[in-house]
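Here is a friendly set of notes to read beside the model. Keep the 3D view open and find each residue as you go.

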Amino acid sequence: MNGREMFDLKGKVAIVTGGGRGIGLKMAEGLAEAGANIVLCSRKAQACQKAAEDLARLGVKTLAQGCDVKSAKEIQAVVDETLRTFDRLDILVNNSGTNWGAAPEEYPLEGWQKVMDTNINGLFLFSQIAGRAMIRQKSGSIINITSIMGIVGTEAEVADAIAYSASKGAVIAFTKDLAAKWAKYNIRVNAIAPGWFPTDMTHWVLDHHRDRIIHHIPMRRYGEGEELKGAAVFLGSQASTYVTGVILPVDGGYLTI
């Protein structure tokens, strides 16, 4: 197999949670450009439907589904519909996430539970349910989206979001342990750790603390959604068949300082 063929995803099927917009949509677009058929799901079904229609113009088959990742029943429905439509599931991108800002000493339990329910419980449920299908077919790639905030601490003046950081740290531990446990099924489990990218979740922080954040990034700029495509395609493709349990930072060098 030559280098070009290693990145070819033609005939593969990928589910991207939270794929109707933002970095989820960009990663879905990258997978589609590499030839994968795409299933987009999130609570905002209309956004997923519009995105699926746009991706179909790339010549791949697409499917849009409404899904709250906190619900095992809704996740099962998405996986079942994916298998009915495509008869296989090769790639899962666990991208859905949420945040709640507050100082640690004042952080409400409601906010903590909301973040954990989506960012780690939802990721666990989707991995478990999709993983059962991958175990049956004896192959698969799970790509979890963590964050540099799950690796290093962040000053309160920049981001007062301790539940988000804790949940993303949990994603890292979950990724490594599941990779070890499911390697015997030929299922690879890796994670992408984005640095600072402009999204609906980060725009306020990036607008108000630009100089402080940029100073800490050796490349002296924020990331662009397009720059997550390569990581997603690499981890979802034959190019990474001997890669599992890896946390891949896409951060402009943020973690090097």
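The points below go from helices to cores, single residues and salt bridges.

1. **Before you start.** This is a predicted model, in which local features need pLDDT of at least 70 and side-chain atom pairs count only at pLDDT 80 or more, while totals for chains, interfaces and linings use all residues. Residues are numbered from 1 along each chain as its sequence is written, and side-chain values use heavy atoms, with hydrogens and water left out.

2. **Helix H6.** Helices (H or I, at least four residues) and strands (E, at least two) are DSSP runs, numbered from the N terminus. The expected span of a helix is 1.5 Å times one less than its number of residues. For the 21 residues of H6 (residues 162-182) that gives 30 Å, and the end C-alpha atoms are 30 Å apart, which agrees.

3. **What H6 packs against.** Buried means under 20% relative accessible area, exposed over 50%, and partly exposed in between (1.4 Å probe, protein chains only). The buried residues of H6 include Tyr164, Val171, Ile172, Phe174, Leu178 and Trp182. Which elements do the buried residues of H6 pack against? They pack against helix H5 (109-137) and the strands S5 (140-145), S6 (187-194) and S7 (247-250); contact here means heavy atoms within 4.5 Å.

4. **Helix H5.** The 29 residues of H5 should span 42 Å, and its end C-alpha atoms are 40 Å apart, which agrees. Have a look at Asp117, where a kink of about 40° is centred. The bend at a residue is the angle between axes fitted to the seven residues ending there and the seven starting there. Just after H5, Lys138 takes a positive phi of about 60°.

5. **The largest nonpolar core.** A nonpolar core is a set of buried Ala, Val, Leu, Ile, Met, Phe, Trp, Tyr and Cys residues joined through side-chain atoms within 4.5 Å. The largest one has 30 residues, and Met27, Leu31, Ile38, Leu40, Val93 and Ile192 touch the most other members. Among the elements that each supply at least two residues of this core are strand S1 (13-17), helix H3 (45-56) and strand S4 (91-94). H2 gives the most, with 5 residues. Apart from this core lies another, of 29 residues, among them Val39, Cys67, Ile75 and Ile142.

6. **Leu31.** Leaving aside neighbours within four places in sequence, Leu31 is in contact with residues including Leu9, Val16, Ile38, Val93 and Val233.

7. Is Gly24 buried or exposed? Gly24 is buried, with a relative accessible area of 0%, and lies in helix H2. Not counting residues up to four places away in sequence, Gly24 touches Val16, Gly18, Gly19 and Asn95. Ser42, in strand S2, is buried with a relative accessible area of 11%. Among the contacts of Ser42 beyond four places in sequence are Gly18, Cys48 and Cys67.

8. **Arg220.** You will find Arg220 in the loop between helix H8 (210-216) and helix H9 (229-236). Arg220 is partly exposed, with a relative accessible area of 44%. Its side chain reaches the backbone oxygen of His215 at 3.1 Å, and a polar atom of that side chain lies 2.7 Å from the backbone oxygen of Ile217. A polar contact is a pair of N or O atoms within 3.5 Å; within protein, one must be able to donate a hydrogen and the other to accept it, and residues adjacent in sequence count only if both atoms are side-chain atoms.

9. **Salt bridges.** How many salt bridges does a search of the whole structure find? The search finds 13, a salt bridge being a side-chain nitrogen of Lys or Arg within 4 Å of a carboxyl oxygen of Asp or Glu. Glu226 and Lys26 form one of them (2.8 Å, N to O). Glu226 lies in the loop between H8 and H9 and Lys26 in helix H2, so the pair ties together parts that are 200 residues apart in sequence. Both residues belong to a network of salt bridges that links Lys26, Glu29, Glu33, Glu226 and Lys229.

10. The side chains of Asp177 and Lys181 meet in a salt bridge (2.7 Å, N to O). Both lie in H6, 4 residues apart, about one turn of the helix. An α-helix has 3.6 residues a turn, so residues three or four places apart point the same way.
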